[in-house]
Amino acid sequence: MHAEDSLNLTDIRVGMTSAEFSRTIENAAADGQVSKPQKLYGLSGAWTWDFREGRLDWYLWDAYVDEITENNFNLCLEAARRIIRDCTTRLGKPANEETGNLSFRDPFEDHHWGYPVLSAEWATPAVKLRAGFKFMGSKGEYHLLVSLEAHGPDYEF
């Protein structure tokens, strides 16, 4: 596995200053968002970090897959499982886990409006984190979404 294809959150934390962030990742503005593409567990996605008043307010990695196939569904499911496993290793057992439909349903053969597949949430004194996979659908458009988001401890998901 390549370094760019693995999850490493040890140097990033909600509340860190933009100067601290710039020493670990890249230049960051005192306010606003910084984004960087990164492939993670076979999915091409991007990190977004949001700064308010010079501090990291929240961050997100997400990957949208627009080619709706069973293979891509399984790739997303495996990536979500690996992200959840990595977060569990780092933060312990999730405070909340939800398992939806773990099977691919082709929306062009079996119409649906999307469905939750897998998610997990952690809450520590420093961060609330959620990772998961959703099959999104609306008005004939479908996307597979795998994401990891982190917020401050007072954030309500």
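## What buried means here

A residue is called buried when its relative accessible area is under 20%, exposed when that area is over 50%, and partly exposed in between, as judged with a 1.4 Å probe on protein chains only. At 7% relative accessibility, Ile12 therefore counts as buried.

The structure is a predicted model, in which local features need pLDDT of at least 70 and side-chain atom pairs count only at pLDDT 80 or more, whereas totals for chains, interfaces and linings use all residues. Residues are numbered from 1 along each chain as its sequence is written, and side-chain values use heavy atoms, with hydrogens and water left out.

## Ile12 and Leu56

Helices (H or I, at least four residues) and strands (E, at least two) are DSSP runs, numbered from the N terminus. In these terms Ile12 sits in the segment before α1 (18-24), while Leu56 belongs to strand β3. Contact means heavy atoms within 4.5 Å, and when neighbours within four places in sequence are left aside, Ile12 is in contact with Phe21, Thr24, Ile25, Trp49, Leu56, Tyr59 and Arg90. The C-alpha atoms of Ile12 and Tyr59 are separated by 9.1 Å, although these residues are 47 residues apart along the chain.

With a relative accessible area of 2%, Leu56 is buried. Not counting residues up to four places away in sequence, Leu56 touches Ile12, Arg13, Val14, Gly15, Met16, Trp49, Asp50 and Phe51. Leu56 and Glu20 are 36 residues apart along the chain, and their C-alpha atoms are separated by 9.7 Å.

## The largest nonpolar core

In soluble globular proteins, nonpolar side chains tend to be buried together. A nonpolar core is a set of buried Ala, Val, Leu, Ile, Met, Phe, Trp, Tyr and Cys residues joined through side-chain atoms within 4.5 Å. The largest such core in this model has 41 residues, of which Trp49, Tyr59, Phe73, Ile83, Phe133 and Phe135 touch the most other members. Two or more residues come from each of β1 (32-40), β2 (43-52), β3 (55-65), α2 (70-91), β5 (114-123), β6 (128-138) and β7 (141-151), and the largest share, 8 residues, is supplied by α2.

Which residues does Phe135 contact, leaving aside its neighbours within four places in sequence? They are Ile68, Phe73, Phe104, Arg105, Pro107, His112, Gly114, Tyr115, Val117, Tyr142, His143 and Leu144.

Asp50, in strand β2, is buried, with a relative accessible area of 5%. A polar contact is a pair of N or O atoms within 3.5 Å, where within protein one must be able to donate a hydrogen and the other to accept it, and where residues adjacent in sequence count only if both atoms are side-chain atoms. Beyond residues up to four places away in sequence, Asp50 touches Gly32, Gln33, Arg55, Leu56, Asp57 and Trp58.

His151 lies in strand β7 and, at 8% relative accessibility, counts as buried. The side chains of His151 and Glu149 are joined by a polar contact of 2.9 Å. Not counting residues up to four places away in sequence, His151 touches residues including Val14, Asp57, Trp58 and Phe157. Ser147 is also found in strand β7 and counts as buried at 15% relative accessibility; the C-alpha atoms of Ser147 and Arg130, 17 residues apart along the chain, are separated by 8.0 Å.

## The second largest pocket

On a 1 Å grid over the protein atoms alone, a pocket is an open set of points with protein on both sides within 12 Å along at least five of seven lines, and its lining residues have an atom within 4 Å of a point. The second largest pocket is lined by 16 residues, among which Leu118, Ser119, Arg130, Gly132 and Lys134 lie nearest its centre. At least two lining residues come from each of β4 (96-99), β5, β6 and β7, and the largest share, 5 residues, comes from β6.

Technical notes:
1 Å grid on protein atoms, 1.4 Å probe; cavity = no way out; pocket = protein on both sides within 12 Å on 5 of 7 lines; lining within 4 Å.
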